[in-house]
Amino acid sequence: MTTANDTIDRLAGLTDQSPVFATRRQRDKVAIATQACEDLLLGDGLADSLSRAERLVLASEQCRVSGVQALADEYRQRAESLGDALTPALRTVLAQPGAQTGNARLDAALHFVRTLALHPAESDRAALLAMPESGLSIDDTVLVAQLVGFIAYQLRLFAGVQAMDALGGQASAPAAEAAAAPFVHPANLPPPGEPLRRNGYTSETLDWTSWLPVLDPATATAEQQAVLDLSHPKARTSDFYLLLARQPRVLSERSQAFNAIMYAPGGLSRAEREVAATAVSRSNGCVYCASVHAQRFEQLAKRNDVMAQMFDDPDTAGTNARERAIIQSSLALTRAPGSFGAAQLQPLRDAGLTDQEILDMLHSAALFGWANRLMLNLGKEKYITP
């Protein structure tokens, strides 16, 4: 992949001489998957009734509200280049940011986008259902939700890459930290494997129920059947996958990005990627995602102390310098991507993270901007009764 066909590299001004460009190539599968998601969601290959012009305008508006102007301008310019495909309502959005258009379908989608841009927990079932009630199909409503999730991810990754470039690359890994003292699990916490329940958050396994009609696996198309088979062993009984499979190509591309980010070998440890994922989920108020990734951290690290700290107060959480830096950087990227910069990455460098580890942390934190918005705004977590 070159800067010419990678939106993040191009807008960040990266060249093949840039240390950050080289670091991104160490995670080329993530870069390729990210661009593939953009090309699908904002290209002309989807046959849905939600037009490419509408999708570009929604993406531009979300980037604007989020404070990432370079991406907002990129998508606005792409929309404007479509000429006659821009309806008067879409032209109103581009000319008067934040305006209502009088088009019920577009205004419902804009309300959903603007609400989810920075505060996904403030949206609700009514904001979601307003879209099909205004004329969008269920499939197109799922497409809007996936678009919002992807843009939340992409704009944060772009902000993080820009910050890495401003920080300056580091040719060699920092010196290793001194060996830590033997770990003693806090006596006031349940042992890992037993549910951790604090402040409305938990590490126990939860269920999730969709607010929109899900697919019937028995009547799904061949493409939908295939993506269900590839997505998860329990996809055919999961509301989450049965809903997202309404857009099978998007679900497939998202899965490629997710797996490349969370399971790539080397770099940031799997457990520390779960720390970033949980920090973002806690900040966004996503009880379901926090439960999943707190549990995965416990399984990997054999402890839950930092999860308990994050459930109580993420702003003070972290059992060591690395964890504190990962959590604070994840929170800053989540809450204010438009002002994220080198200063928010310096503590990671100071704590001993390599450039590849920093990029892995950015990938994980940005990714859960996407995951949280799907879980929070398409349905509701549900406790499993024995």
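Leaving aside residues up to four places away in sequence, alanine 317 touches Gln309, Met310, Arg324 and Ile327, where contact means heavy atoms within 4.5 Å. The structure is a predicted model, in which local features need pLDDT of at least 70, side-chain atom pairs count only at pLDDT 80 or more, and totals for chains, interfaces and linings use all residues. Residues are numbered from 1 along each chain as its sequence is written, and side-chain values use heavy atoms, with hydrogens and water left out.

## Alanine 317 and helix α15

Alanine 317 is located in the loop between α15 (305-312) and α16 (321-335). Helices (H or I, at least four residues) and strands (E, at least two) are DSSP runs, numbered from the N terminus. With a relative accessibility of 1%, alanine 317 counts as buried; the term buried denotes under 20% relative accessible area, exposed over 50%, and partly exposed the range in between, for a 1.4 Å probe and protein chains only. Between alanine 317 and aspartate 207, the C-alpha to C-alpha distance is 27 Å, at a sequence separation of 110 residues.

Helix α15 is itself mostly covered, with six of its eight residues buried. These buried residues are Asp305, Val306, Met307, Ala308, Met310 and Phe311. They pack against β1, β2, α13, α14 and α16.

## The nonpolar core

A nonpolar core is a set of buried Ala, Val, Leu, Ile, Met, Phe, Trp, Tyr and Cys residues joined through side-chain atoms within 4.5 Å. The largest such core has 126 residues, of which Phe112, Ile151, Tyr153, Leu345 and Leu378 touch the most other members. Helix α9 (residues 138-167) supplies the largest share of this core, 17 residues. With residues up to four places away in sequence not counted, tyrosine 153 touches Val30, Thr34, Ile261, His363, Ala366, Leu367 and Trp370.

## Helix pairs

Two packed helices are described by the angle between their axes and the distance between the axes. Axes are lines fitted to C-alpha atoms, for helices over the stretch in contact, and angles run from 0 to 180 degrees between N-to-C directions.

| Helix pair | Axis distance | Angle |
|---|---|---|
| α4 (residues 52-66) and α5 (residues 69-80) | 8 Å apart | about 160 degrees |
| α13 (residues 270-284) and α16 | within 9 Å | roughly 40 degrees |
| α13 and α18 (residues 355-378) | within 8 Å | roughly 40 degrees |

The angle between α13 and α16 makes this pair oblique, and α13 and α18 are likewise oblique to each other, whereas α4 and α5 are roughly antiparallel. Angles under 35 degrees count as roughly parallel, over 145 as roughly antiparallel, 65 to 115 as roughly perpendicular and the rest as oblique. α4 passes α5 in a left-handed crossing, while the crossing of α13 and α16 is right-handed, as is that of α13 and α18. A crossing is left-handed if the near helix is turned anticlockwise from the far one by less than a right angle, and right-handed if clockwise.

Helix α13 contributes Glu272, Val275, Ala276, Ala279, Val280, Ser283 and Asn284 to its contact with α16, where they meet Arg322, Ile326, Ile327, Ser330, Leu331, Thr334 and Arg335. The classes in this contact are seven nonpolar, four polar and three charged residues. Towards α18, Arg273, Ala276, Ala277, Val280, Ser281 and Asn284 of α13 meet Asp360, Met361, Ser364, Ala365, Phe368, Gly369, Asn372, Arg373 and Leu376. The contact of α13 with α18 has seven nonpolar, five polar and three charged residues.

## Loop residues

Tyrosine 263 lies in the loop between α12 (248-262) and α13. Its relative accessible area of 36% makes tyrosine 263 partly exposed. Residues up to four places away in sequence aside, tyrosine 263 touches Phe258, Arg270, Arg273 and Arg296.

Most residues other than glycine have a negative phi. Asparagine 199, by contrast, has a positive phi near 60 degrees and lies in the loop between β1 (197-198) and β2 (201-202). Asparagine 199 is exposed, at a relative accessible area of 52%. Lysine 302 also has a positive phi, of about 60 degrees, and is placed in the loop between α14 (287-301) and α15. Lysine 302 is exposed, with a relative accessible area of 59%.

Methods: Ala, Val, Leu, Ile, Met, Phe, Trp, Tyr, Cys and Pro count as nonpolar, Asp, Glu, Lys and Arg as charged, and the others, Gly among them, as polar.
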